[in-house]
Amino acid sequence: MRWRGRRQSDNVEDRRTSGGGAVVGGGIGVIVIAIIIGLLGGNPQQFLQQAAQQPAPGGAGGEVELTPQEIEAGEFVSTVFADTEDVWTDLFAQAGRDYKKPTLVLFKDQVNSGCGMASSGTGPFYCPADEKVYLDTSFFGQLARQLGAPGDFAQAYVVAHEVGHHVQNLLGYTDQLDQIRQRVPEVEYNKYSVRLELQADFFAGVMLHHAEKKYRIIEDGDIEEAMTAARAIGDDTLQKRSRGYVQPETFNHGTSEQRLRWFTKGLKTGDLNQGDTFQADQL
């Protein structure tokens, strides 16, 4: 992916050099935690609640020196985040709306967010309460090693997906889903959660489609990297890997096929009008 030498976002809080805080939230990494939970036969919610209370390695206080790899990861993510700002500002303007930019928070180990305390095991997530995207860049290593999805374009897909949740928040989808969550049982709500996540995948594809048009960011192999990542984080794929079987009623992000389909649709068309997963007859 071509990213060096381009604008980096000013809306970045880099907390990686401070002592740390803690989070609970729903990003792509939540599914990664589910792998461990499945192997242990534990309760996902209980596990995350306990994890949020664990102190960060190394304790609080003191400056932490970043490695060259961490510095580069921060520069890369800040550049992709700038691309999301440029693309969504343009797309909102075309619809006669103003795009309110979110903030990117880089952290290590744990962080305190508007949605509560969370460990890095939660993975990248968006918090609608403070309109911030939270990311521990060590997740990218996890994405490559544990899920077999390496590459910078796969990482760009992760960032674009979380920003997609911010777009959903601005468009009112998040509030609608919160209201539904209060009215229906968890198993039924999971069906709505899947549609929300698939739409964020679609928005990620749309963003990267228009970033390519603006900046020619895609190199040979990039599309395959992102598609591999989309496949790797499907509920069915992760459950098969961790348990050896799947429980469709527990899916809350979508199958590998579904995630790949909606991301690819956004990437190929760049057309927001084709991304209403809530009205789609077939996911």
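## Overall architecture

Helices, as runs of at least four residues, and strands, as runs of at least two, are taken here from DSSP and numbered from the N terminus. On that basis the protein, which is a predicted model, comes to ten helices and six strands. Buried residues make up 52% of its 283 residues, and the accessible surface comes to about 12900 Å², with 47% of that area belonging to carbon and sulfur atoms.

## The nonpolar core

The largest nonpolar core contains 52 residues, and those with the most contacts inside it are Val77, Trp88, Tyr157, Val159 and Leu208. Among the elements that each supply at least two residues of this core are helices H3 (68-94), H5 (152-171) and H7 (186-215), together with strands E2 (103-106) and E6 (132-135). Once neighbours within four places in sequence are left aside, Val159 is in contact with Val77, Val80, Phe81, Leu135 and Phe140.

## Helix H3

The 27 residues of H3 should span 39 Å at 1.5 Å a residue, and the end C-alpha atoms of the helix are 40 Å apart, which agrees with that expectation. H3 is followed by Gly96, whose phi is positive, near 75°.

Most residues other than glycine have a negative phi. Asp109, in the loop between E2 and strand E3 (110-113), has instead a positive phi near 75°, and its relative accessible area of 29% makes Asp109 partly exposed.

Glu131, in the loop between strand E5 (125-127) and E6, likewise has a positive phi, near 55°. Glu131 counts as buried because its relative accessibility is 18%, where buried means under 20%.

Conventions: Residues numbered from 1 in each chain as written. Predicted model: local features only at pLDDT ≥ 70, side-chain atom pairs only at ≥ 80, totals over all residues. Heavy atoms only, no water. Core = buried A, V, L, I, M, F, W, Y, C linked by side-chain atoms within 4.5 Å. Buried < 20%, exposed > 50% of the residue type's maximum accessible area, 1.4 Å probe, protein only. Contact = heavy atoms within 4.5 Å. Expected span 1.5 Å × (residues − 1). Areas by Shrake-Rupley, 256 points an atom, 1.4 Å probe, with all protein chains shown as cover.
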